Structures are given as C-alpha cells and as structure tokens.
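Hi,

Here is the structure I promised to pass on.

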Amino acid sequence: IGPPPPSQARMLAELTNLRSLTMHGNPCEQTRGYRLRLAGMLPKLRSLDFTAITAVDRERANAFEAANQARGAKAADGD
C-alpha cells in the first residue's frame, strides 16, 4: 500500500484550489514520505491530516518531488 496511484494522484493535482486534505485512516498514510509527496503534488495545500504545512515542510516536499522526478527520468532513460 502506498501513495495514491498515479491516475488518482493526477486527479488530486488537478484540484488547483485544494487547500485542506484529510487522509486520516487511509492506508497510504502509513507509507513513508506520503505527506511530502502529497504536499509536493499540491502546492496550494495548507493543511494535511489536520496539521498545517509549514514553510520547512514545503521546502522538504519540493526537494522530495524533485528527487522523485529525477529518479523517474533516470529510470526512463534506462528503458
């Protein structure tokens, strides 16, 4: 069980006005890095699971997303 599948993640990312999201009780909440991943995908998100997303959280989320994108690009080059 992990973060939302890519198709569902894209659907969330399309919600450009989303400011607050609660995944409490969802199995993906047990996945390492899920908070960073969602915060990185949703730049306007201000609260996740009843907790504010701070400037430090946002910096970490942006770095996490950049690393994931770089890994994805590297994997695609290897195909």
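**What I found**

The protein chain exposes about 5,500 Å², and carbon and sulfur atoms supply 56% of that (Shrake-Rupley method, 1.4 Å probe; for residues, only the protein chains shown count as cover). Bear in mind that this is a predicted model: local features need pLDDT of at least 70, side-chain atom pairs count only at pLDDT 80 or more, and totals for chains, interfaces and linings use all residues. Residues are numbered from 1 along each chain as its sequence is written, and side-chain values use heavy atoms, with hydrogens and water left out.

From the N terminus on, the elements go α-β-α-β-β-α, which gives three helices and three strands (DSSP runs numbered from the N terminus: helices are H or I, at least four residues; strands are E, at least two). Of the 79 residues in the chain, 30% are buried (under 20% relative accessible area; exposed is over 50%, partly exposed in between, 1.4 Å probe, protein chains only).

The strands make an open sheet in the order S1-S2-S3, with mixed pairing (two strands pair if DSSP finds at least two bridges between them). S1 (20-21) and S3 (51-52) are the edges, each with a single partner strand, so one side of each has no neighbour in the sheet. S2 and S3 run antiparallel, joined by two bridges, and leucine 48 sits opposite threonine 51 in S3.

Helix H2 (residues 34-41) is mostly covered, with six of its eight residues buried, including Tyr34, Leu36 and Met41. In the loop between H2 and S2 (47-48) you'll find proline 43, which is exposed at 54% relative accessible area. Its C-alpha is 8.9 Å from that of asparagine 62, 19 residues away in sequence.

Cheers
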